[in-house]
Amino acid sequence: MKFLVTTAIPAPGMHILEAAGEVRVPDRQLSAGELRRECSSRDVDVVVAQLTDVFDRAVLEDATIKGISNYAVGYDNVDVASATRRGILVGNTPGVLTDATADIAMLLLLATARRCVEADRFVRAGKYQGWQPELLLGSDVSGATLGLVGFGRIARATAERALGFGMTVRYTARSGPVPAERLGHLAGRVQFAEWDDLVRTSDFISLHVPLTDATHHLVDEKTLRAMKPTACLVNTSRGPVVDEKALVEALRSGEIAGAGLDVYEDEPALADGLADLPNTTLLPHVGSATCSVRATMAEVCANNAVAMARGEMPAHAVNPEAWR
Ligand code: DGY
């Protein structure tokens, strides 16, 4: 079995791959042309990929690989339809990063509401002269309304945390309200809202949708204008779900109060002016970045890859119909 690992994953995953077959790790990020050549070389069974490796139609055009095992739950870097047409399975790592990512959504919400970054800078700059009645006042989290956009695993885990902080939690989803029997212990504790209503009434909006054609720039100039001027936007999903240029304008003009972001439209680049805004908390895509989560993701990803290389159905395939 031959694995091309575009960027080394944590040791537990590398050990699984090395025990199963031959592993090659290039010493730099492959260009689209190089990735295409590797995929059609007949010298690679499975590519173990990062969300930064783009497998578009052109890269997959002549591909002979059996699978792409993404080291992520998201897989918007892969043109799944093209992969399926060529009988290439695409694997991902769902479930294992739910809590870690929900923690980061709450962290961004709290940090932005309570001006944590500004406060930290203030102390480090030696400006702290003692307690003052009106120093760095933020906004309340407890009692505020959180609007969740999307209601999958990570949104639900965020809902549980937010309820613990005394927030009112509402959600919107394209598929409509989730029947009470499928809400488990969240039944009766969260309410469905239509998109427009959720946007207009939330104090905090947290995004939990995959990046697709339908969610690209879901939060645009119009959405930002409809939000409360006191509202904060949190994004731990994918950057292009937000029109980042419009977001900078909205934050600059006071159309909304703040933003906590873990992902960016053109990461690692930031939209002009974003980094200069005090009312933002900016993280470098670390939603799943705990030692144990990344190690478990590596195991799940490697096990998916080994199964694909053996011609078996992996535990987590996003396009099982590609298997034959
Ligand atoms: C994912 O898994 O999709 C995250 O963005 C990185 O862990």
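Helices (H or I, at least four residues) and strands (E, at least two) are DSSP runs, numbered from the N terminus. This is a predicted model, in which local features need pLDDT of at least 70 and side-chain atom pairs count only at pLDDT 80 or more, while totals for chains, interfaces and linings use all residues. Residues are numbered from 1 along each chain as its sequence is written, and side-chain values use heavy atoms, with hydrogens and water left out.

The protein chain contains eleven helices and twelve strands. Its C-alpha atoms fill a box of roughly 65 × 50 × 35 Å along the principal axes. Of the 324 residues, 48% are buried. Buried stands for under 20% relative accessible area, exposed for over 50%, and partly exposed for what lies in between (1.4 Å probe, protein chains only).

The ligand is surrounded by Leu-51, Ala-72, Val-73, Gly-74, Leu-97, Arg-238, His-285, Ser-288 and Met-297, where a residue is near a molecule if one of its heavy atoms lies within 4 Å of it. By class, this shell has five nonpolar, three polar and one charged residues. In this scheme Ala, Val, Leu, Ile, Met, Phe, Trp, Tyr, Cys and Pro count as nonpolar, Asp, Glu, Lys and Arg as charged, and the others, Gly among them, as polar.

At Val-73 a polar backbone atom is 2.7 Å from a ligand oxygen. At His-285 a polar side-chain atom lies 2.7 Å from a ligand oxygen, and at Ser-288 the distance from a polar side-chain atom to a ligand oxygen is 2.6 Å. The protein covers 90% of the 230 Å² of accessible area that the ligand has on its own; accessible areas come from the Shrake-Rupley method with a 1.4 Å probe, and for residues only the protein chains shown count as cover.

Side chains of opposite charge can pair when their charged atoms come close. The whole structure has 15 salt bridges, each a side-chain nitrogen of Lys or Arg within 4 Å of a carboxyl oxygen of Asp or Glu. One of them joins Asp-99 and Arg-161, at 3.2 Å from N to O. Asp-99 lies in helix H5 (residues 98-113) and Arg-161 in helix H7 (residues 153-164), so the pair ties together parts that are 62 residues apart in sequence. Arg-161 also forms a salt bridge with Asp-103, with the closest N and O atoms 2.6 Å apart. This pair again links helix H5 to helix H7, across 58 residues.

Another salt bridge, between Arg-225 and Glu-221, spans 3.2 Å from N to O. These two residues are four apart in helix H9 (residues 221-226), so about one helical turn separates them. Glu-221 is partly exposed at 49%. Elsewhere, salt bridges with shared partners join Arg-36, Glu-61 and Asp-62 into one network.

Asn-92 sits in the loop between strand S5 (89-91) and H5. Asn-92 is buried, with a relative accessible area of 6%. Its C-alpha atom is 6.2 Å from that of Ser-69, 23 residues apart along the chain.

Conventions: Polar contact = N/O pair within 3.5 Å; in protein donor to acceptor, adjacent residues only side chain to side chain.
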